[in-house]
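Here is a quick briefing for anyone opening this one for the first time. Have a look at the view below, then read on topic by topic.

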Amino acid sequence: MKTFRIGGVHPRENKLTAGAPITHASLPKQAIILLSQHIGAPAEAIVAKGDMVKVGTLLAKANGFVSANIHSPVSGKVAKIDNVTDASGYQKPAIYIDVEGDTWEESIDRSDALISSCNLDAQAIINKIDQMGIVGIGGATFPTKVKLMPPPNMKPEVLIINAVECEPYLTNDHALMLAKADEIMVGVEILMKAINVTQAYIGIEANKPDAIELLKHKAQEHKGIEIVRLQCRYPQGGEKQLIDAVIGRQVASGALPVSTGAVVQNVATAYAVYEAVQKNKPLIERIVTVTGKSLARPGNYLARIGMPVSQLIEEAGGLPENTGKIVLGGPMMGRATQNIEAPTSKGTSGILVMDDSEAHRIEPSPCIRCAKCVAACPMGLEPYLLSKAVAIGNYEIAEERRIYDCIECGCCSYSCPAHRQLLDYIRYGKGKVMGIIRARNAETKK
Amino acid sequence: MNKLVVSPSPHVHSGLSTTQCMYGVLIALIPAFLVSLYYFGIDALLVTATSVVACITFEYLIQRYLLGQRSTIGDGSAILTGVLLAFNLPASIPLWIVVVGALFAIGIGKMAFGGIGNNIFNPALAGRIFLLISFPQQMTTWPIPAPWGIGVDGQTGATTLSILKRGNVEEIVNIDVLETLVGNAGGSFGEVSAIALIIGFLYLLWKKIITWHIPVSIIATVFLFSFAVTISQGWEYAIIFSELQIFSGGLLLGAIFMATDYVTSPMTPGGMLLYGVLIGIITVVIRLWGAYPEGLSFAIFIMNGVTPLINKYMTPKRFGEVKRHG
């Protein structure tokens, strides 16, 4: 079975909601839509207090090339445009909408009918994706259109669809594949057309045999789409690791992934592309896995973007008494939050409610140089050495040992028997070293 | 409700702890310990118990009264040092010498460098070498193994290594390889049974406590190098000679349990292989042409000192520098 070639770990999968169908979450009373839900410049609001909006109404326009449109996920009245405390605890501008009814823009096709043919050319597809505010919803939220328009000297050869879902607990992509296989296939074909390639691979880890089976069956009717079964290994969903696993090419340090000839898109993004291009539907809702060992009703919830996290936890049976940590995303790379009133955004793939007993870090002890972090690092780095270099402030060693290649997957901290928080140091040092490199480059340009 | 914890990712852990690694190695040493009890009786037990108790006590006293630190004796590493030191001693050694060895191992070998994780040399090995140089007679007086240790008193026998060193072809071809595999041979009591040590090795591999690189590279190098040196005396002799080099002396104990010590061995697979090959070469050189019959302790000790240099130059295979496949 295929997999990536360097490092990796296999955490306990804990896919409590595997096979759970998609449940529709109820509408919030008030939706809070962040103006920055993507990598790049925040969108610029084009509505004002008191405006009436429908589901799908454009609320904010992309501000520059690396940015994305934002549409209203609910219908109702714009209550205010003001700061909100986001999940990280920062004040961020957002549009507050008091929900009234559920009226959709007439242009959106809400029927379940499958529309397989698409007559648009590549540029028209990309424009549509841009217009509908599609971003990579595997977690990184990079505007999709940017990835579909690589620099002119790099020609895409294949499309790789990321359906790996290697994070423990998360099952939102799995649920989507079981429910929307046909739509995903069409979405993949549209993406292939957009980047002008004839071959696409859908990489799925072996712990989703039903999804592999179903998509393999569907792929028979779609020329050039191949399902690749992958060995379960984290961080296979990392873009660089996935390209290595599927086509055996490694992105050189500092290079764009497309330099290998591969464009990677998440499977849920492919579905969003289908809805945007074929159904005129902007990115206004997504599947969120709400999970945790003590939740009464963990599940895969189809929820409008901008719902408070707390409301999704209510849908799943309410916050358990013994909750100690709430993570947005999966347990390996997700972010812990204290603010459960924060709104969800386009990138919210999961809400993980952890018991108090699993919430606390264990006191670190001295490094015993067991080399488990070196063996686990999927980028071939030396986490023990990098963290030590950062701890003593020696950024020259950190740079020489390529700290900037770190993808912050957490395999090192995960595998350290001394419970050293290697990634904490490396993340900090990486920021420092990147700053040093930028300053040096600016200096040489002068 | 409790306060929500906020910490950076990752939010889960493999569950493996330093203590588990240490106890895993101790479990892997149980077969060798049982064999030593069979062949050397109560003496083996006494030496081991003395060494372990002395190591724990010295570590505790040094941390508590000299350094004013929190004690780390619970992590199992002092116990492991105690057991490994004991396994490298003759069963008949006076117990006070064991205590001296433990003091050197823990005091100089480990705590003087800053305790667990900071020592350059394997503490148990430091203790053994110190004793070998300080008490050469007691350290090379080997009791003859006997079932349940009965009749051990006062008798000393030749070790397989000393026979190999003498180089008398007739004597060498008469050594029963099978006996050295089981452990019915003279030597430090933890090192005599090749089979018991290999069982321990398989356990360590199965539990992923160590990787194969260091033990296999040492063993392969010792075999091939010995073979190359003796091939002029004929195939048959060369094979017996090389086999005995592997199954005798502390080779397996050292290759599997001493050279693989986390703290003092290299961090990358390539570094581990280089380290193993060099240990193998130095071992054979000392065994065949040096003053001592056994060279493994010195070889590991020397390479412990080279480990930081190996770590500097033998970096892991970086992502993006691997050749394309497919």
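Chain B splits into domain 1 (18-139) and domain 2 (155-313), with domain bounds coming from an automatic or database domain assignment. Keep in mind that this is a predicted model: local features need pLDDT of at least 70, side-chain atom pairs count only at pLDDT 80 or more, and totals for chains, interfaces and linings use all residues. Residues are numbered from 1 along each chain as its sequence is written, while chains are lettered from A and ligands numbered from 1 in the order in which they are written.

**The two domains of chain B**

- The centres of domain 1 and domain 2 of chain B, taken over C-alpha atoms, sit 21 Å apart.
- Where they meet, domain 1 of chain B puts in 29 residues and domain 2 of chain B puts in 28; two residues are in contact if their C-beta atoms, placed from the backbone, lie within 7 Å.
- Helices (H or I, at least four residues) and strands (E, at least two) are DSSP runs, numbered from the N terminus.
- The largest share of that side, six residues, belongs to α2(B).
- What is that side of domain 1 of chain B made of: nonpolar, polar or charged residues? It has 22 nonpolar, six polar and one charged, where Ala, Val, Leu, Ile, Met, Phe, Trp, Tyr, Cys and Pro count as nonpolar, Asp, Glu, Lys and Arg as charged, and the others, Gly among them, as polar.

**Chain A overall**

- Chain A holds 13 helices and 17 strands.
- Its radius of gyration (taken over C-alpha atoms) is 22 Å, which agrees with the value near 22 Å for a compact globule of 446 residues; the globule rule is 2.2 Å times the number of residues to the power 0.38.
- Along the principal axes, the C-alpha atoms of chain A fill a box of roughly 65 × 55 × 50 Å.
- Of the 446 residues in chain A, 56% are buried. Buried means 20 or more other C-beta atoms within 10 Å of a residue's own, exposed means 12 or fewer, and partly exposed is in between, with C-beta atoms placed from the backbone.
- Chain A has its own domain 1 (122-279) and domain 2 (372-445), with centres 29 Å apart over C-alpha atoms.
- Six residues of domain 1 of chain A touch six residues of domain 2 of chain A.

**A covered strand in chain A**

- Strand β13 (residues 285-291) of chain A has seven of its seven residues buried.
- One side of β13(A) carries A:E285, A:I287, A:T289 and A:T291, and the other A:R286, A:V288 and A:V290.
- β13(A) runs antiparallel to β14 (residues 299-304) of chain A, joined by six bridges, and A:I287 has A:L302 as its bridge partner there.
- Three bridges tie β13(A) to the parallel strand β17 (residues 350-355) of chain A, where A:V290 stands opposite A:I351. Strands count as paired if DSSP finds at least two bridges between them.

**Between the chains, and confidence**

- The contact between the chains takes 58 residues from chain A and 36 from chain B.
- That side of chain B has 16 nonpolar, 16 polar and four charged residues.
- The predictor gives the complex an ipTM of 0.91 and a pTM of 0.91.
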